[in-house]
Amino acid sequence: MRRISRLTQIAVGVTGLALAATACGGTSSEKNSGGEGKSDLGLAIAYDVGGRGDQSFNDSAYEGLVKSEKEFGYKTADQEPKDGESDDDKAQRLSNLAKAGYNPVVGIGYAYGPAMTEVSKKFPKTTFGIVDSVVEGKNVASLVFAENESSYLAGVAAAKATKTNHVGFVGGVDNELINKFQAGFEQGVADTKKGIKVDVQYLDEDPAKGFASPDLGEAAAGKQLEDGADVLYHAAGLSGQGVIKAAAEQKKWVIGVDSDQYKQQSLAKYKDYILTSALKEVGGSVYALAKSVKDGKPLSGVQTFDLKVDGVGASESNPKFQEIAGLADAVAKAKKGIIDGTIKVDTKPKK
């Protein structure tokens with residue numbers, strides 16, 4: 001499958017860059033795990049808010065775990081977050097996985113930052129990874145992404161697809177990370193066609209609500225559609241399923257995020273209206289880290305997954321992506337410009 005091959009491609013690309021730049025180097029399921037005290041059992045991941053089944057961010061991470069298990073014969077474990085959990089709860093989860101002998105141990109999401117800082121110091125022989133945050137430590141790989149670049153491509157697609165010259169962005173939480181999605185999207189829209197209105201709505205300041213409440217996403221999308229937007233883009237995790245539902249039910253375009261949401265089984269009844277998805281290969285980053293540990297050259301430091309290493313991108317699964325006049329060519333041109341540096345993409349919204 002194309003997505004699995006992307007995981008391999010990303011691992012090869014990122015590992016090559018890393019060797020040049022950084023030579024230093026409650027359970028939802030548990031597969032073939034060993035007992036206490038064993039070493040290097042394999043890969044373990046701890047999910048972010050929304051957990052496995054969000055058809056987006058966390059599910060992308062799970063794909064990396066599955067790929068690692070199949071390719072390396074890894075024993076793997078994946079663990080779900082608890083509602084309203086504290087940093088201490090996260091630290092205990094990471095500690096338990098390290099004690100059990102898993103290596104690497106990956107926290108999916110910036111919320112693991114404080115816990116990762118604490119736990120990685122206690123287990124210096126274990127390689128840790130954290131997605132969407134930078135944590136200092138010789139045994140920590142900070143897996144970060146150029147979300148603004150993939151969002152720029154989403155903005156180009158939206159500008160080419162809109163008939164009302166009015167589009168919308170729905171973010172889970174108004175923070176620095178999700179602002180990158182907004183900034184790239186708005187710039188992509190503006191650079192493609194002047195005068196398009198972009199509505200922006202954030203769902204909640206609490207990540208547990210902002211990223212895990214499809215009803216909030218549906219309500220926000222409904223308002224934007226009512227106001228005249230005919231293409232919506234979400235960066236809202238599980239909440240984004242509500243955005244997709246609202247747009248599809250009104251037969252308007254929606255752009256997914258992180259995973260190729262056109263291909264997600266639970267969203268199949270809406271897929272005809274999922275124009276594209278701004279891909280963020282969390283699974284690729286998890287796989288790259290697992291491969292580096294397996295190869296005896298564990299990644300550490302900041303590892304950036306951008307368009308150059310195929311770590312972000314735009315999906316083309318929906319046939320309409322090719323059928324809308326000029327859309328595919330405009331996205332391809334924008335991708336080339338970002339990679340060769342002629343297009344500089346903002347990381348912060350202008351307003």
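## Helix α3

The expected span of a helix is 1.5 Å times one less than its number of residues. In this predicted model, helix α3 covers residues 87-99, which makes 13 residues. The distance from its first C-alpha to its last is 18 Å, close to the 18 Å expected.

After α3 comes G101, which has a positive phi near 105°.

## Helix α10

Helix α10, residues 282-294, has 13 residues that should span 18 Å at 1.5 Å a residue, and its end C-alpha atoms are 18 Å apart, in agreement with that value.

Of the 13 residues of α10, 12 are buried, so this helix is largely enclosed by the rest of the structure. The buried residues are V282, G283, G284, S285, V286, Y287, A288, L289, A290, K291, S292 and V293. G296 follows α10 and has a positive phi, near 80°.

## Nonpolar cores

The largest nonpolar core contains 64 residues. I45, V106, I108 and Y233 have the most contacts inside this core. Helix α5 (residues 147-161) gives the most to the core, namely 8 residues. Another core, of 20 residues, lies apart from the largest one and includes L41, A46, A77 and F128.

Leaving out residues up to four places away in sequence, I108 touches I45, A46, Y47, D48, F57, N58, A61, V131, V282 and V286. Two of these contacts, V282 and V286, are among the buried residues of α10. A46, another contact of I108, is a member of the core of 20 residues.

## Largest cavity

The largest cavity holds about 180 Å³ of space. It is lined by 20 residues, and those closest to its centre are F57, I178, F211, G237 and D258. One of them, F57, is also touched by I108.

Helices α2 (57-72) and α6 (176-192) and strand β10 (253-258) each supply at least two residues of the cavity lining. The largest share, 3 residues, comes from α6. By class, the lining has 11 nonpolar, 4 polar and 5 charged residues.

Conventions:
Residues are numbered from 1 along each chain as its sequence is written. This is a predicted model: local features need pLDDT of at least 70, side-chain atom pairs count only at pLDDT 80 or more; totals for chains, interfaces and linings use all residues. Side-chain values use heavy atoms; hydrogens and water are left out. Helices (H or I, at least four residues) and strands (E, at least two) are DSSP runs, numbered from the N terminus. Buried means under 20% relative accessible area, exposed over 50%, partly exposed in between (1.4 Å probe, protein chains only). On a 1 Å grid over the protein atoms alone, a cavity is a set of points where a 1.4 Å probe fits but cannot get out, and a pocket is an open set with protein on both sides within 12 Å along at least five of seven lines; lining residues have an atom within 4 Å of a point. Grid points are joined across faces, edges and corners, and a volume is the space filled by probe spheres set on the points. Ala, Val, Leu, Ile, Met, Phe, Trp, Tyr, Cys and Pro count as nonpolar, Asp, Glu, Lys and Arg as charged, and the others, Gly among them, as polar. A nonpolar core is a set of buried Ala, Val, Leu, Ile, Met, Phe, Trp, Tyr and Cys residues joined through side-chain atoms within 4.5 Å. Contact means heavy atoms within 4.5 Å.
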